[in-house]
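Thanks for coming, everyone. Please look at the structure on the screen while I talk.

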Amino acid sequence: MDNDIGAKTAFELFEAAPCGYLFTLPDGTISRVNQTFLAWTGFSSADLVGRKRFQEMLSIPAAIFYETHFAPLLRMQGFVKEITVDFLRADGTTLPALVNSVVQSTAEGVPELVRTTVFDIRERRRYERELLYERSKAEHLAAVVENASDAIITTDPDLHISSWNSGAETLFQYTRAEAIGRKLPELIVPDSDREKLERSVAKLRAGEAVHFETVLINKERQPAEVSVSVTPHIEPPGELVGFSAILRDIRARKRTEEALIRSEQLASAGKMAAALAHQINNPLAGAMNALYLATSGGGVSAEPRRYLDLADGELKRISHVTRQVLGFYRESMLPEKMELGGVLDSVLEFAQIRAQAKHIQFRQRYAKDLHLFAVAGELRQLFSSLLLNSVEAIADEGAIVVRARHVGSGTNKRVRVTIADSGEGIANPVRAKVFDPLFTTKGNVNAGLGLWVSKQIVQRHGGTIKVRSRASAPRRGTTVWVELPVTG
């Protein structure tokens, strides 16, 4: 009686076990299978027992693996453990499973049966896929962070750096190895901003994110304007575990903002200049008429007449400038063939009085046959502005050398004019801004439009203008190159 109960219990345990059982002959023919495996695969016992072999129940990739790895290993060592395979179900779908097989042999050591335990790993496979997906997302996010143009930095609660991306390396010039483990304030925060940083950290420790713009310093102790967003990382039950910061280089944006401000200033200056030009035109016309009457009559000797003619030329140039301001070339101003040497002579003569007051010598190195097509008034304005800048750059005693010659040939033939002075020179940070509108190093003495206007004149004539300067001895001074096409 007890044997019957035990046999019944063992049978029920076999059939209703939480795993599948298969008994197969050495060639793989299924000899017995439990109900759990049948329920999982959708087959009946009659479909499988004596009719199918183990390897025929497998998907094609799993069957190949069985023939090349599973079966040889089973024959060689008598067991296999933790092998993942896909079984084919009755409806054509697959059942991912983990199998363990053991060979049962006779007393003589001849294999007579293979016992296989099958575990359904569909949930495990789903979990693995989700895990792989989340891992892929994490790797993608890590790649985004690493390759971001912004500096992305994480720290522990004491502000020791724990991560430092390539954007941070570019912005602050510290490598990852140099930055990791160091305290963030010691690395990039100026001493003058430590108190501000402490206030921000107090807000962060209270769980509040902070956003601000500031100036930090790089490895070379150079300033870097940045926008900063810092977020605290708080884990249950309210424990602060660190901070993450995103720092964006805003120097280009600041330059754009400054350019917009300058353009607005320039627009205002233009309106004011137009109003002034309108007021200047009336007395200017009277002065020009008076000069005309003075020079048209007789009795004026050669020397006073030369100065009157020079004054008349300069008044005409002023008149030309006021017309430019008022109408910005509303009137027809066509280039004409002209001799550049004569223009340079008149400009040098006009600047001679200022130069003599400072004991400055002019040295002329140009021929008298440098012809080109240009607007004479504009060239006088251009070279007068450049020459007066050179005069102002020399404190006392010095020399200004003016050279002009043809360069190039054919359709590319140009006139090159260089004005070189022995003045104080222009420092490197300033040199890049000399052609910006409203930029000046002379305070309220100068409106900062001279070189900007000069560049506009050169560009309108299809030419180029460049500046080279040195502010340190012994070869201190500034040289300006102007190249203008001969044909205009």
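**Starting at one threonine**

Leaving aside neighbours within four places in sequence, Thr-29 is in contact with Phe-23, Thr-24, Gly-50, Lys-52 and Arg-53. Contact here means heavy atoms within 4.5 Å. Before going on, a word on the source: this is a predicted model, in which local features need pLDDT of at least 70, side-chain atom pairs count only at pLDDT 80 or more, and totals for chains, interfaces and linings use all residues. Residues are numbered from 1 along each chain as its sequence is written, and side-chain values use heavy atoms, with hydrogens and water left out.

Back to Thr-29. This residue sits in the loop between strand E1 (20-24) and strand E2 (30-33). Helices (H or I, at least four residues) and strands (E, at least two) are DSSP runs, numbered from the N terminus. Is Thr-29 buried or exposed? Thr-29 is buried, with a relative accessible area of 16%. The cut-offs are these: buried is under 20% relative accessible area, exposed is over 50%, and partly exposed is in between, using a 1.4 Å probe and protein chains only.

Now the sheet. Five strands form an open sheet in the order E12-E14-E15-E17-E16, with mixed pairing. Strand E12 (360-366) and strand E16 (464-470) are at the edges with a single partner strand each, so one side of each has no neighbour in the sheet. From one strand to the next, the twist averages 10°. Two strands pair if DSSP finds at least two bridges between them.

Take the pairs in turn. E12 and E14 run parallel, joined by seven bridges. In that pair, Gln-364 stands opposite Val-402 in E14. Helix H12 (residues 340-357) packs on the sheet and touches E12, E14 and E15; its direction makes about 175° with that of E12. For such angles, axes are lines fitted to C-alpha atoms, for helices over the stretch in contact, and angles run from 0 to 180 degrees between N-to-C directions.

Next, strand E14 (residues 398-407) pairs with E15 in the antiparallel sense over eight bridges. Arg-403 stands opposite Thr-418 in E15. The hairpin of E14 and E15 has six residues between the strands, and Gly-408 there takes a positive phi near 75°.

On to E15 and strand E17 (residues 477-485): they are antiparallel, over eight bridges. The bridge partner of Arg-414 in E17 is Pro-485. How many residues of strand E15 are buried? Seven of the eight (residues 414-421), so E15 is largely enclosed by the rest of the structure.

Most residues other than glycine have a negative phi, and most peptide bonds are trans. Glu-397 has a positive phi near 65°. Glu-397 lies in the loop between helix H13 (376-393) and E14, and counts as exposed at 56% relative accessibility. Glu-82 also has a positive phi, about 55°. Glu-82 is in strand E3 (residues 79-88) and counts as exposed at 51% relative accessibility.

Where is the cis peptide bond? A cis bond joins Pro-236 and Pro-237, with omega about 5°. Pro-237 lies in the loop between strand E9 (223-235) and strand E10 (239-249).
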